[in-house]
Amino acid sequence: MKDLHSDIPIIHKKKPSFKIGKSINLCEGDDVFIFCNGAITKECLLAANELKKENIHCNVTNMHTIKPIDKEAILKASNSKLIVSVEEHNIIG
């Protein structure tokens, strides 16, 4: 689904609860933990969907604010087999 006014895909069907410093979990899984932000988030969800076909379960978390960062989400990720950070528009990080 795309917004009529841009080429950026819509991730949420309804307005999520947004709080600075708190990430939004988009999909549950315990094999791979993917932190993402920005327009690349849709690609992360697609990747998680493809990996699920291979029995690899991904947790995709939209880390929409980097500063302050959601330390709780990072600690939760420490139990997974792999942590991946995906971003495309921030040179600090």
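## Close-up views of a predicted model

**View 1. N55 counts as exposed, at 57% relative accessibility.** Exposed means over 50% relative accessible area, buried means under 20%, and partly exposed lies in between, with a 1.4 Å probe and protein chains only. N55 sits in the loop between α1 and β3. Its backbone deserves a look too: phi is positive, about 65 degrees, although N55 is not a glycine. Helices (H or I, at least four residues) and strands (E, at least two) are DSSP runs, numbered from the N terminus. Please keep in mind that this is a predicted model, where local features need pLDDT of at least 70, side-chain atom pairs count only at pLDDT 80 or more, and totals for chains, interfaces and linings use all residues. Residues are numbered from 1 along each chain as its sequence is written, and side-chain values use heavy atoms, with hydrogens and water left out.

**View 2. Four strands form an open sheet in the order β1-β3-β2-β4.** The pairing is mixed, and two strands pair if DSSP finds at least two bridges between them. On average, neighbouring strands are turned by 25 degrees against each other, direction ignored. Axes here are lines fitted to C-alpha atoms, for helices over the stretch in contact, and angles run from 0 to 180 degrees between N-to-C directions.

**View 3. Strands β2 and β3 run parallel, joined by 5 bridges.** β2 covers residues 32-36 and β3 covers residues 58-62. β2 is mostly covered, with 5 of its 5 residues buried. V32, I34 and C36 point one way from β2, while F33 and F35 point the other way. In a regular strand, side chains alternate between the two faces of the sheet.

**View 4. Helix α1 (residues 41-52) packs on the sheet.** The helix touches β1, β2, β3 and β4, and its direction makes about 170 degrees with that of β3; contact means heavy atoms within 4.5 Å. The buried residues of α1 are T41, C44 and A48. These residues cover an arc of only 50 degrees around the axis, which puts them on the same side of α1; the arc is that of the directions from the helix axis to the C-beta atoms. An α-helix has 3.6 residues a turn, so residues three or four places apart point the same way. The buried residues pack against β1, β2, β3 and β4. As a check on length, the 12 residues of α1 should span 16 Å, and its end C-alpha atoms are 17 Å apart, which agrees. The expected span is 1.5 Å times one less than the number of residues.

**View 5. T61, in strand β3, is buried at 2% relative accessibility.** Its side chain makes a polar contact of 3.1 Å with that of N25. A polar contact is a pair of N or O atoms within 3.5 Å; within protein, one must be able to donate a hydrogen and the other to accept it, and residues adjacent in sequence count only if both atoms are side-chain atoms. Not counting residues up to four places away in sequence, T61 touches several residues, including I24, L26, F33 and F35.

**View 6. A cis peptide bond joins K67 and P68.** Omega is about 0 degrees, and P68 lies in the loop between β3 and α2.
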